[in-house]
Amino acid sequence: MRSLRAVLAAALALLLLLPATAQAERWTSPDPRGDVEGWHFDPDPEPCGTVTDLDGSAEVNSDITRVTVRHGRRPVEVTVRFRDLVHALEQSVWIHFRTPRAGWRLSVYRWEETPGKFDTFVFLGRDPKGRGPGEADDCGSSVISWIGDGCRVQRRVHLAEDYLRVSVPRRCLRDPRWVRVAVRAHQWVDPDDPADESSSSFSDEWDGGTRLSRWLPPFGPRVRVAARR
């Protein structure tokens with residue numbers, strides 16, 4: 001009996017020591033509520049204007065609460081849940097993928113096409129070989145280019161249940177053995193006066209993972225492809 005207990009204790013210790021990156025098929029993780037960051041931009045003084053911090057804790061439309069990744073034999077499915085998706089507010093969600101070979105960014109834009117009518121646009125872009133933004137201008141702004149990768153991505157925005165779900169064919173990601181995912185959500189608020197050039201923006205990212213670069217959100221662990229059955 002003592003020997004059996006020793007073997008079980010050793011097995012349990014081994015399981016506890018296994019790295020968290022050895023996930024299989026599915027991974028999910030919560031994100032704190034009320035951690036949205038905000039900024040206000042005023043074009044004065046020229047040429048760079050003024051940026052001040054805003055309290056974004058009350059912003060629910062861009063507040064990520066959970067991220068789930070399912071790595072199936074055909075699609076990679078990512079579900080992003082929010083505190084409260086507001087129908088009347090526009091939103092942009094960036095989902096970054098890392099694989100053994102390369103990286104991609106999936107941009108999902110929900111915008112008001114005509115008064116009261118919203119549409120969703122999806123763009124999958126190839127990471128430009130890990131390069132970061134270009135050289136910053138005199139105001140500290142820089143640009144990074146993403147190469148479009150024609151691929152049919154399914155998406156669903158469920159306002160009643162406060163989630164966005166995308167399904168990316170694995171072939172579009174070059175059939176990877178594993179994927180790592182990072183998520184960031186954005187919301188822009190323009191003033192009612194069209195002549196007013198100021199604006200406010202709010203942003204939240206899934207936190208708690210590993211930063212693979214200084215300009216991208218933290219990435220979760222490797223999620224391996226489902227085994228063949």
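1. V78 has contacts (heavy atoms within 4.5 Å) with V67, T68, V69, I95, F97, L164, R165, V166 and V181, leaving aside neighbours within four places in sequence. The model is predicted: local features need pLDDT of at least 70, side-chain atom pairs count only at pLDDT 80 or more, and totals for chains, interfaces and linings use all residues. Residues are numbered from 1 along each chain as its sequence is written, and side-chain values use heavy atoms, without hydrogens and water.

2. V78 also belongs to the largest nonpolar core, which has 30 residues. Such a core is a set of buried Ala, Val, Leu, Ile, Met, Phe, Trp, Tyr and Cys residues joined through side-chain atoms within 4.5 Å. V78, I95, F97 and L106 touch the most other members. Elements giving two or more residues to this core include β5 (64-71), β6 (75-82), β7 (91-98) and β8 (103-114).

3. Of the 229 residues in the protein chain, 38% are buried, meaning under 20% relative accessible area with a 1.4 Å probe, protein chains only.

4. Take contacts between residues at least 6 apart in sequence: 60% of them join residues at least 24 apart.

Conventions: Buried < 20%, exposed > 50% of the residue type's maximum accessible area, 1.4 Å probe, protein only. Helix = DSSP H or I, 4+ residues; strand = E, 2+ residues; numbered from the N terminus.
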